[in-house]
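User: Could we go through this structure together? I would like to discuss its packing and one of its pockets.

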Amino acid sequence: MSAAPLFRRIAFIGIGLIGSSLARVVRRDGLAESTVTCARSESTRNAALRLGLVDEATDDPVAAVKGADLVMLCTPVGAYRALVEAIVPHLEPGAIVSDIGSVKQKVVDELAPLLPARVSFVPGHPVAGTEHSGPEAGFAELFVGRWCILTPPPGTSPEAVDRVRALWLKCGMAVDIMDAGHHDRVLAITSHLPHLIAYTIVGTASDLEDDLRQEVIKYSASGFRDFTRIAASDPVMWRDIFLGNREAVLETLQRFTEDLTALQRAIRWGDGDKLIEHFTRTRAIRRSIIDAKQA
Ligand code: NAP
């Protein structure tokens, strides 16, 4: 238990993989005097209570935010607007609204105009995850050693930013603050494009004729398996990410397509030097990720 809780009451709006992982840390370290979740499905509410993730569970977002000094949006980003429209009149003066969504500019553009001056808005993205979903999939150690990016709009209260930063630091994360658009461009290449490629490869394999598909599964350890893990991620969440970060994803995809064409040409013309040069450069990137302890 920490000496003093960081928050009086935290409302988790949605409690899947990420929300439940955060709730586990809050519970473990006593970071809030009380906690509540709003979850739409009864099975999720029951799981949250059974697992001891929160003190209370409700299906009513308005009831959930009453008395909360931190409201943490933990649903796919496409669900935010309707939820925030519902809770806005009931937010406590001085409350902080934050989130964990994987895209940030759309979230800022959509929510900032809805939120009144009496609350602070500190959007965030813990860059940690797995391909699993739901409250059972969460675990408190998920965030340890990873980065959390906060994208507070200009003018956000520094105290509010500090309180949200303190929460993620308690989770074992390092915290960076950046502009929402910059976040989206960085994540387009580090996360969104790799997921798009994985969805494409696995889709292509599943379109192959039946006999070949059997062999694809049988010999998947040769590389395909890693793509299938990524491509097993939640479809709704990823739909919302690609539509929410449309421009940065399309820009990155264009660059990727050009680079792929260059490699295609090198293979066609038997240009082994070009391939060696490229693969040597990418191998060095892997080494720098290992050195940064992000492998
Ligand atoms: P998850 O495990 O699928 O959980 C999503 C939660 O949101 C569930 O409690 C679900 O409720 C609820 N929900 C879904 N749609 C809703 C709607 N329309 N209205 C109200 N509640 C709704 O998802 P997650 O992996 O924790 O991801 C949640 C957020 O974290 C997303 O915004 C995602 O971009 C971000 N994120 C994910 C990862 C990752 O690797 N998964 C990493 C970093 C950030 P029910 O259970 O009742 O359906």
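Analyst: A note on elements comes first: helices (H or I, at least four residues) and strands (E, at least two) are DSSP runs, numbered from the N terminus. This is a predicted model, in which local features need pLDDT of at least 70, side-chain atom pairs count only at pLDDT 80 or more, and totals for chains, interfaces and linings use all residues. Residues are numbered from 1 along each chain as its sequence is written, and side-chain values use heavy atoms, with hydrogens and water left out.

User: Where is Thr151 found?

Analyst: Thr151 lies in the loop between β8 and α6.

User: Is Thr151 buried or exposed?

Analyst: Thr151 has a relative accessible area of 2%, and therefore counts as buried (under 20% relative accessible area; exposed is over 50%, partly exposed in between; 1.4 Å probe, protein chains only).

User: And what does Thr151 touch?

Analyst: Leaving out residues up to four places away in sequence, Thr151 touches Lys104, Val108, Pro123, Met178, Asp179, Ala180 and His183. Contact here means heavy atoms within 4.5 Å.

User: Moving to α4, which residues are buried?

Analyst: In α4, residues 80-87, the buried ones are Tyr80, Leu83, Val84 and Ile87. They fall within an arc of 95° seen down the helix axis, so they line one face of α4; the arc is that of the directions from the helix axis to the C-beta atoms.

User: What do they pack against?

Analyst: The buried residues of α4 pack against β1 (7-13), α3 (61-65), β4 (70-73), β5 (96-99) and α5 (105-111).

User: Which members of the largest nonpolar core touch the most others?

Analyst: Among its 37 residues, these are Phe12, Leu22, Met72, Phe143 and Trp168. Such a core is a set of buried Ala, Val, Leu, Ile, Met, Phe, Trp, Tyr and Cys residues joined through side-chain atoms within 4.5 Å. α1 gives the most to this core, with six residues.

User: What about the contacts of Trp168?

Analyst: Beyond neighbours within four places in sequence, Trp168 contacts residues including Leu22, Met72, Phe143 and Val175.

User: Now the second largest pocket: which residues line it?

Analyst: The lining consists of Gln105, Lys106, Gly181, Asp184, Gly244, Asn245, Arg246, Glu247 and Ala248. A pocket is an open set of points on a 1 Å grid over the protein atoms alone, where a 1.4 Å probe fits, with protein on both sides within 12 Å along at least five of seven lines; lining residues have an atom within 4 Å of a point.

User: Which helix gives the most to that lining?

Analyst: α11 does, with three residues.
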